[in-house]
Amino acid sequence: MSERPILMNTDMVRAILEGRKTVTRRVIKPQPEGQPIPMTANSCYPDCFGIEETPKVIRPPYQPCDILWVRETWTRLPETPGGHFRPRGVYYYKAGEDLRPEKYRGNGWHPSIHMPREAARIFLRVTDVRVERLQDCGNVQAKDEGCTCSSQFARLWDSTVKPADRATLGWEANPWVWVISFEWISKEDIYGT
């Protein structure tokens with residue numbers, strides 16, 4: 001088991017907090033030349049995927065039982081005098097917070113990529129990792145992604161891909177993706193009380 005960060009945008013974080021998201025898809029980079037096939041447990045490369053009709057092997061970014069701490073859009077507001085209203089060291093999160101830090105001069109939302117580990121509030125345990133084509137995500141699978149249908153998931157997916165990369169990594173390109181299933185766990189489940 002290892003502990004690693006994973007980036008989630010605000011919509012994804014809200015879906016996790018509401019119990020609607022139990023899966024995330026991540027593009028395989030670089031894209032394999034053939035279909036990835038799971039290696040057997042007694043192979044030279046257990047927990048990896050061989051690329052059909054090639055000697056290449058790829059390793060998923062996460063393995064079952066890995067713990068992922070979610071990096072999300074966050075901020076810290078200045079402490080109020082005496083620390084009664086806003087104490088020192090408190091983090092605020094764009095997802096699920098009724099807070100507008102842009103009102104406060106000199107503060108604003110920080111991108112998820114810059115979120116420190118100490119600010120993490122969401123921890124996920126990986127339960128399964130598999131490979132499929134992006135468009136294999138139908139309506140049922142889209143619900144596991146926190147969406148109502150596959151067309152909504154397609155729009156969400158494309159919103160996370162840079163416009164310059166959409167031709168190769170967007171929904172219409174139908175790239176190979178890691179399908180990472182997880183369960184939301186508490187910090188106490190990991191470290192105890």
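Select isoleucine 37 and glycine 50: isoleucine 37 stands opposite glycine 50 in β4. Before moving on, note that this is a predicted model, in which local features need pLDDT of at least 70 and side-chain atom pairs count only at pLDDT 80 or more, while totals for chains, interfaces and linings use all residues. Residues are numbered from 1 along each chain as its sequence is written, and side-chain values use heavy atoms, with hydrogens and water left out.

**Stop 1: the three-stranded sheet**

Now widen the selection to β3, β4 and β5. These three strands form an open sheet in the order β3-β4-β5, with antiparallel pairing. β3 (36-38) and β5 (57-58) are the edge strands; each has a single partner, so one side of each is left without a neighbour in the sheet. Three bridges join β3 to β4. Two strands count as paired if DSSP finds at least two bridges between them. Strands (E, at least two residues) and helices (H or I, at least four) are DSSP runs, numbered from the N terminus.

**Stop 2: the five-stranded sheet**

Next, select β1, β6, β9, β10 and β2. In that order they make an open sheet of five strands with mixed pairing. Which strands stand at the edges? They are β1 (3-7) and β2 (23-27), each with a single partner strand, so one side of each has no neighbour in the sheet. From one strand to the next, the twist averages 45 degrees.

Walk across the sheet pair by pair:

- β1 and β6 (residues 67-71) run parallel and are joined by five bridges; isoleucine 6 has valine 70 as its bridge partner in β6.
- β9 and β10 run antiparallel, with ten bridges between them; phenylalanine 123 stands opposite isoleucine 185 in β10.
- β2 and β10 pair in the antiparallel sense over five bridges; the bridge partner of arginine 26 in β10 is tryptophan 178.

Stay on β10 and look at its cover: eight of its ten residues are buried. Buried means under 20% relative accessible area, exposed over 50%, and partly exposed in between (1.4 Å probe, protein chains only).

**Stop 3: the largest core**

Select Met8, Val70, Leu124 and Trp178. Of the 22 residues in the largest nonpolar core, these touch the most other members. The elements giving two or more residues to this core are α1, β4 (49-51), β6, β9 and β10. A nonpolar core here is a set of buried Ala, Val, Leu, Ile, Met, Phe, Trp, Tyr and Cys residues joined through side-chain atoms within 4.5 Å.

Then select Val23, Val27, Val161 and Leu169, which are included in a second, separate core of 15 residues.

**Stop 4**

**Last view: the whole chain**

Zoom out to see five helices and ten strands. Buried residues make up 41% of the 193 residues in the chain.

Note on methods. Axes fitted to C-alpha atoms, helices over the stretch in contact; angles between N-to-C directions.
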